[in-house]
Amino acid sequence: MKPYFRALAVSVIISLLYQENAFAGAWMQPDGGGQIITTATYYSTDWFFNKNGGHVDQTSRYTKYSLDVYMEYGLSEAYTIGMQPTYDFVQNKGGGINARENDLADTPVFLRERIWHDDNNVFSVQQLATIPGPYDTHSQAALGYGQSDLELRGLYGHSGNIRNLPYFTDIEGAYRERFDGPANELRMDLTLGVKPQDGLMLLAQSFSIAGLGNATTHSFVPPSAPNYDLSKIQLSGVVDIPYGFSLQGGGAVDVYGRNTGGGQSLFVAVWRSF
């Protein structure tokens with residue numbers, strides 16, 4: 001890993017130690033404030049969704065350990081910026097393959113603008129770009145295709161109470177332009193959050209990607225082909241812990257796909273607002 005990328009990864013992790021519980025979504029961070037969420041994830045798959053969405057067992061197993069730092073900062077009441085550097089450890093083993101790779105993955109950076117809001121609703125627009133990581137794109141355990149993406153996303157958030165139970169919903173739709181090979185994508189993310197008691201938030205989420213079939217490369221970077229569909233369901237809980245931190249734990253399962261691996265993941269995260 002190149003020294004300046006290593007310095008970036010280390011510096012954002014250290015910044016967490018010197019920075020309360022929030023969920024951003026369509027909402028803005030306060031002017032001059034923000035949040036940092038550091039997440040460790042384990043993902044594994046030994047089967048595949050074929051081109052028709054069928055389940056196909058594999059002789060190989062793909063495993064990924066990830067450490068990412070999601071950061072948001074409020075430039076003003078109407079603008080929030082952010083980024084999410086990720087360091088991945090990948091192993092692709094079986095079927096005559098035994099490949100490993102670890103490095104900084106592609107890093108998304110974004111700007112979110114609030115378009116309209118009232119006491120219970122908010123609509124915002126987000127622009128995102130990805131910066132390719134310095135990993136080896138020719139490895140059989142490559143961390144990505146080594147190209148940049150541009151994304152335009154619309155976000156709608158609603159919060160309220162039902163019989164004194166605070167809740168919120170977040171609905172997001174996006175178009176992602178992927179350059180130099182992979183197919184462009186449509187994305188849809190849904191979140192339902194409830195707070196059954198002070199200091200506890202429960203989240204149910206779904207994340208869906210639909211490839212648009214215009215890939216210009218035949219390269220295959222496990223676990224997904226350059227044109228793929230994938231939908232997953234994720235459940236987690238966030239609990240306040242001492243010294244102003246919050247701890248999140250949960251898991252996700254791939255429920256539908258096409259031309260991609262299907263697996264499960266477990267994760268833990270530390271939240272801090274400032």
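1. Ser 208 has its bridge partner, Ser 231, in strand β12. The model is predicted: local features need pLDDT of at least 70 and side-chain atom pairs 80 or more, while totals for chains, interfaces and linings use all residues. Residues are numbered from 1 along each chain as its sequence is written, and side-chain values use heavy atoms, without hydrogens or water.

2. Look at the strands around that bridge. Strand β12 covers residues 224–241. β11 and β12 pair in the antiparallel sense, over 11 bridges. (A strand is a DSSP run of E, at least two residues, numbered from the N terminus; two strands pair if DSSP finds at least two bridges between them.)

3. β11 also pairs with β10. β10 spans residues 185–197 and β11 spans residues 200–211. This pairing is antiparallel too, over 11 bridges. Within it, Leu 192 has Ala 204 in β11 as its bridge partner. Two residues lie between the strands of this hairpin, and Gly 199 takes a positive phi there, near 85 degrees.

4. Check the loop between β11 and β12, where Pro 223 is placed. The peptide bond from Pro 222 to Pro 223 is cis. Its omega is near 10 degrees.

5. Two asparagines have a positive phi. For Asn 164 the angle is near 70 degrees. Asn 164 sits in the loop between β8 (149–162) and β9 (165–178). For Asn 259 phi is near 60 degrees, and this residue lies in strand β13. Buried or exposed: which is Asn 164? Asn 164 is exposed, because its relative accessibility is 74%. Asn 259 is buried, because its relative accessible area is 18%. (Buried means under 20%, exposed over 50%, partly exposed in between, with a 1.4 Å probe and protein chains only.)

6. Now the rings. Nine aromatic pairs are counted. (Phe, Tyr and six-membered Trp rings pair with centres within 6.5 Å; planes under 30 degrees apart are stacked, over 60 edge-to-face, the rest tilted.) One of them joins Phe 49 and Tyr 256, a tilted pair with 6.4 Å centre to centre and 40 degrees between the planes. The pair links distant parts of the chain, 207 residues apart. Phe 49 is in β1 (residues 34–49), and Tyr 256 is in β13 (residues 245–273).

7. Tyr 256 is partly exposed, at 38% relative accessibility.

Conventions. Helix = DSSP H or I, 4+ residues; strand = E, 2+ residues; numbered from the N terminus.
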